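Subject: Structure handover and findings

Dear colleague,

Please find the structure below, together with its sequence.

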Amino acid sequence: MVTLACEGLAVTLGGRIVLDAASAAFAPGGLVGVVGPNGAGKSTLVRALAGLLPVARGRATLDGRDVAAIPRAEMARRIAYLPQGQTLHWPLSVARLVALGRLPHLAPFQRIGAGDAAAIDRAMALTEVTDLRDRVATELSGGERARVLLARALAVEAPVLIVDEPLAALDPGHQLDMMALLRARAGEGALVIAVLHDLGLAARQCDRLLLLHAGRVVADGAPADVLTAERLAAIFGIRAWTGMVEGQPILVPLHRSS
Amino acid sequence: MTVWTWAGRAAKEPFVTAALPRPILIIGLAGLAALAFLLSLGIGTVALGPGRLLAAVEGRDVIAHVILVDLRLPRGLLGLGVGAMLGLAGAALQGYLRNPLAEPAVLGVSNGAALGAVVALYFGLANLHPALLPLLAIIGALTAIALLFALAGDVESPLTLILAGIAMATLAGAGISLALNLSPNPFAAMEIATWLLGSLEDRSANHVLLALPCVAIGVGLLLWDGRALDALTLGEEGAAALGVDLGATRLRLLAGVAIGVGGAVAVSGAIGFVGLIVPHLVRPLTDRAPSSILLPSALAGAALLTVADVAVRLVPTANELKLGVVTAFLGVPVFLAHLMRARRIW
């Protein structure tokens, strides 16, 4: 079973501390949401967990090993990471783009094998982009593109999946699809961490939330325990209506609290 | 120079035209290069037809044998080697910098090599030993890349690298201008200017022995990182998340360009635009992934430069037309085609 953790993790970017004393442990099963206002350090936290940022203090560990000591290629096979707002620099076909997800599994000059092709097809089927396979990825709509990029991340078939704001370009239907997909991956035994801005969806769909504020983890637990009225006011500066519908927590931001 | 990507531009064709199956493309381009090589052996002041070429190879025709071995063979081999290196370097750099306008000259490699050669000519070192000029050119290219590393630091942004490269190219260009400016006499200036135009005329087996090992190292280093270039389609962070060691990739790539292009320019003089246009000619025939254009660009570069080198022998001019002049003229229509597609005229 894969575990991911950080202890007293601090990251500085351009001399500024953007993440400080972050400690948390993650195990498979259940979708973990990372929430917080803009600039809280959400992306920094997940990038550091994925070993993509130099760590100033503390450490991030994968199965107890310091991620800084794990070779890049091995990290890429264990953790699939989908950055926010990814740009595509060449007009690749959708199938070719999704196939990039298999790179961590290929030795230099090794060709894509039957197993890789099957993984690519599975990822495209899950995100419903199979019909787009011959389209040019740079010419898709924002929603199609978000699904294709998620397919790229799923094609890695890594035990850990980290997605940074995957809902940004999606309509409500596809937002629900995306959350269902992430939940399904978690249900299959993957460790799934998603940075989310939509508190309503985060409250309803995540099993656990990590709330960040000014570079620190200020709350970690079940959504209802994390997103209290006091924290919404103090951290997000909002008042929200909260309630239960169909047995699920509902959160609707109403107005600025100050 | 603006760094632009394909991301913002919708091409006219809604689907990636499956282009050519890769084996056909590779075999076709290799066939073209081989044909160009044979033409290069046969065509010149003394035409060697197939019959005479065969007689020369078998040693039955002594004069033809001398022409073939001492003149045509080095020239043909250098055409293939230099062309392949320039085409491949352009393809690799366009992929690495994610900029369709990248070529070895953008990083100052070509100008660095040219400055090394100009120094050899200016101080008369070229007359001391024939190997000194190409050696200084290679040293110039390596120095340019070393300074580039120092200037760009460990920042992964392609823009930083391009800015540092332009600084290097400009510095080396200024050095070349200075040498022309301070030339003791018009003949020395003429010698420098002629070398700068680029040519494969009168090259010997020694030039081949000097250039081809450099080209082989360069080709090896550049072909190694195709997968990393593909991953960079997703940007630096996307590539790192896919397991690419960005630092090692950059080191291999820049070393490959410096050694390969340095060695090529050292014997051919400054031949521009091949590295720029060849990837553009090849890209539509592939799936457009950076790794897919590497080998085809090397083959197409070899064929293009060799054909251009045959063309300079056929065009009737008082002085032999210089190769660099021909490739520069070839570069213009490719740029225009790009411009027209960007403006949706074509």
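To begin with a helix of chain B, the buried residues of H13(B) are Val274(B), Gly275(B), Leu276(B), Ile277(B), Val278(B), Pro279(B), His280(B) and Val282(B). Buried here means under 20% relative accessible area, exposed means over 50%, and partly exposed lies in between (1.4 Å probe, protein chains only). Helix H13 spans residues 274–282 of chain B, and 8 of its 9 residues are buried. Those buried residues pack against H3, helix H14 (294–314) and helix H15 (323–342) of chain B. Helices (H or I, at least four residues) and strands (E, at least two) are DSSP runs, numbered from the N terminus.

This is a predicted model, in which local features need pLDDT of at least 70 and side-chain atom pairs count only at pLDDT 80 or more, whereas totals for chains, interfaces and linings use all residues. Residues are numbered from 1 along each chain as its sequence is written, chains are lettered from A and ligands numbered from 1 in the order in which they are written, and side-chain values use heavy atoms, with hydrogens and water left out.

Regarding confidence, pLDDT is the predictor's confidence in each residue, from 0 to 100. Chain B has a mean pLDDT of 87, and 94% of its residues reach 70 or more. Over residues 1–17 of chain B, pLDDT stays under 50.

The interface comes next. Chain B contributes 37 residues to the contact and chain A contributes 36 residues, where contact means heavy atoms within 4.5 Å. Together the two chains bury about 3000 Å², 63% of it on carbon and sulfur atoms; buried area is the accessible area (1.4 Å probe) that two parts lose on being put together, summed over both. Arg227(B), Leu234(B) and Leu242(B) supply 23% of the area that chain B buries against chain A, more than any other three residues.

The rule finds 3 salt bridges across this interface, a salt bridge being a side-chain nitrogen of Lys or Arg within 4 Å of a carboxyl oxygen of Asp or Glu. The side chains of Arg96(A) and Asp230(B) form a salt bridge, at 3.0 Å from N to O. On the side of chain B that touches chain A, H11(B) gives the most, with 5 residues.

Finally, in chain A, Leu176(A) lies in helix H6 (residues 172–187). Leu176(A) is partly exposed, with a relative accessible area of 41%. Leaving aside neighbours within four places in sequence, Leu176(A) is in contact with Leu201(A) and Gln205(A).

Yours sincerely
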